Every structure is written in structure tokens, then in C-alpha cells.
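Please consider the following numbered points while viewing the model.

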Amino acid sequence: MAFARRGNKSSLLDCICGPSNVRSTSRVAGSSSTVPFPSRRTVLDYLRTDFIEAVHSWGVQKTASPFNRRVTCIEWHPAYHNLLAVSSHGGDIYLWNVEDKSKDVFFQGMGYGYGAVTQIKFHPDAPTMVYTTSVDGRFCLQDLEGKRSEVYADTMTIERWWTSLALSAHSRGIIFVGGSAGDALVLDAEGTVQRSYKRLHKEKIHHAEFCPTCEWLLVTSSNDRTVALWDVRTMGGGGSTRPHPLATMAHDAPINSAHFDPLYGSRILTTAQNSELRVYDSFNGWEAPTVVVRHPHRHFQHITHIKASWHPLYEDLCVVGRYPEAGDADKTRCVDLVDLRDGGVVGSFYDPSVKGIIPVNAFNNQGTRLASGTGYTALLWQPRLSDGGGANEGSSDGLLRGVLPGQPSTKGNGRLRQSNEKRKHGGKALEECVKRKNKRECPKKH
């Protein structure tokens, strides 16, 4: 396999600084000497460092709690950076426009039980249409505006269902669907099944993803403790014969996810259920991990699987929800920013009003917003405003009681509102008490 080396890939930084192999210079006014511009790598390090230092200024700016079951998936639209889809364990789907709530769309599912959405992806050409896989055994294209939806595959049994979904980078590309028994389908863009595999993995396929820079390269992660790399062009015609993967990465526990890095597609970040993160690199032949990080995110059946995800712009940075162990000194439940160069936690997205575990996290493609799921609630993280105005919209009252920011409180918010008023009046009373005390203790003027 041939992969483009990192120095040969153009990017926004190439536009700023020129290609990485070109050293630009500028002439200093009043001098005959020249001063080199910062190299591409230097600018990247500056931007990366600035982002890490600014993480403490991020907070929950908006919340949304339209569900009565826990959040299972969050997916940003690849073209619209203000639009994301959130799905629940009850099968509901919420299309959230974080800039204009009047454009939000709620699509009700079949309810708790077999309606849980296991994966969701936007249709590349239609922002109100999504592909979904669910526990009811169906893989379908759903129109959230209420128009006709199409079912592309149905297991027709409650004993097997679809658990993972991947779309190739091109709008007319390939669709991959993985199942709870290790089975899989390869479909074309029209939803026609091209190939069917009975045992691509020995157990459930938790996650699948196409390489962003190579449309035929696919990675899958499974409960059988392996991550496999596939060439969809040479996987064969399907059936009971298992095709041979290009590479197999063995782990010590089931793997919740395996993500290609979004910049170059030459590395894979895996999240295992034994509180371990790993990075595999194509330059090492995918044989052994180049980075292994111990991080508290253990598996628990009644929460959504915790999955680490890359930052879309800065190399070697990822976010992952923290689920502290019983013996950990730090019991904070937050979203950690991990530096995969040395495996250290370099920052945390933390809001004191968020009490639960935050298993699902994803940046938009610009890296300017982070969406998270905790319990029944979806969170939107952004840098807080410097003047404090509107800095935490919807992050306290709305978050605790499941109210969309700007909407009137629902039943159950009365006690919270009364307690806030008591604290407010209590604060005023305390101020008056301090003033009286200071007045008594002040020496009289003679």
C-alpha cells in the first residue's frame, strides 16, 4: 500500500506558509538581511499550543434534551458546521442547528426497546436526510422532514441487528454496514447490496470507518478484540468465506472504535474497553502500536460506549470522556484532551453543572465547536466570551432539567427556580449583614 507522506500533503498551513519543503524569507526594512518566515511545522506548533492553553476557557454554551433515553450517537454535518444530528437509545433523532433553534427538527423513533440507534451518518447531498442503523435490525435512509424513508437492509429478526456504518468520502461511493454477529454488507450509493459476509469478525462489529484520503481503505473494530484493515476492492464476493484483511491489530479487550486521523489517514486511534488508547501508524506497517495511553474510560453496559476522537486540525490531539476508577484520586467527570505524543492529559473540558459521564464527543470539521452527549442531554462546548455576557447559555437550568435554552421551564423546574431565588435573596441579606457589621466595627471619627 502506498500512502502520501505527511510533508507532501497540502493544507491550510501550506497556503499560509507555502509548502513545507520551501523556506520563504522576508526582507527587514532598513536592512539588507533577510529573516525567514516561520516554517509550516512552527506555525502548526504555535496554533496547537494556543489551542491547548485556551481549553480552560471553553464551557457549555448550549444544551438540548429532547429525549427520554440516553444519547447514543453525535454526528456533525460534513459541510454545515452549525448542524449536527443526535440520536437516542429510544430511536429518536434530533437535528440541531446550534445557531438557529427555530430550524431544529425532531424525529420520533419507535421507543425504548428495539428502536435504539446504533450509528448515524448524514447523506452527503441532503442535510435533512440521514443513514441510520438500529437495534430493530434495519439499515435505512431517513428523511427527517417526514417524507418517505427507505429501508436498505433488514435482518428480519431481533437476534441480529446492525451496529456500525461507514460511508466513503465521495458522495457516489461505497456504504459499509456491520452487524452484531460479525456479519457485514457492502452496498452502493443507491442502497443496493453488492456483497454480504457472514463472518467478517467473530463477534459484534462496534465501529467502521473509511479512510478520508483513500476511499477503498476500511477499518473495523470488534468485540473479538481485533481491529482489521480492509481493501474493499479485494474483499471478494462475500458469503461464508472470510476475506483476508490487509492488517490485523490485536488488543487485550473489545474495541469500541477505530478512527483514521482526519488530516492524513495514515494513523488509527483505537479505544478499548480496558481503559486503553492506542495509535497505530502506517509507516510501521500497522503491526504494533506506536503509542499506548492508560486513561480511565472503562466499560459499563448501561452507558453509551466511550469513544476517543481526533481533533480535526491539530495532530496528536484527541478528546475522550473520563470515567474515573474507584481508586482514582481525581473523581472529576469531564472530557480530557490527550496529547498522543507523550500520552499526557494536557487539558479538560469541564463544566461544574455537568454531573454525569460524557461518553460521546465530536468536534465539527473546523474544530471551533465540540458536541458531547451525557445522559439524555446533548452539550455544545465553545470558548466563553471574554466579557462574560452569555458565556454559559443554557448550561445550568437548561442542563439540569432538560430544557432547551431560551424556552420556558417545564414541570420540575419550580424547585430549582425557587432555590435560585432563595440564594439570590440570601446573598442580598448577607451583603446587608456585612455592611452593618463593618459599620459597627468602624472606629468613630473624633
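1. The charged end of R298 lies over the ring of Y323, 3.8 Å from the ring centre; a charge counts as over a ring if NZ of Lys or CZ of Arg is within 6 Å of the ring centre and within 35 degrees of the ring normal. R233 lies over the face of W216, 4.0 Å from its ring centre.

2. The model is predicted: local features need pLDDT of at least 70, side-chain atom pairs count only at pLDDT 80 or more, and totals for chains, interfaces and linings use all residues. Residues are numbered from 1 along each chain as its sequence is written, and side-chain values use heavy atoms, without hydrogens and water.

3. There are 12 aromatic pairs (rings of Phe, Tyr and Trp, the last by its six-membered ring, with centres within 6.5 Å; planes under 30 degrees apart are stacked, over 60 edge-to-face, the rest tilted). F51 and Y314 form a tilted pair, 5.4 Å centre to centre with 40° between the planes. F51 is buried at 9% relative accessibility, and Y314 at 14% (buried means under 20% relative accessible area, exposed over 50%, partly exposed in between, with a 1.4 Å probe and protein chains only).

4. The ring centres of F349 and F363 are 6.3 Å apart and the planes stand at 70°, so this pair is edge-to-face. Both F349 and F363 are buried. Ring pairs join F51, W58, Y314, F349, F363 and W381 into a cluster.

5. An open antiparallel sheet has 4 strands in the order 4-5-6-7 (strands are DSSP runs of E, at least two residues, numbered from the N terminus; two pair if DSSP finds at least two bridges between them). Strand 4 (71-76) and strand 7 (105-107) are at the edges, each with a single partner strand, so one side of each has no neighbour in the sheet.
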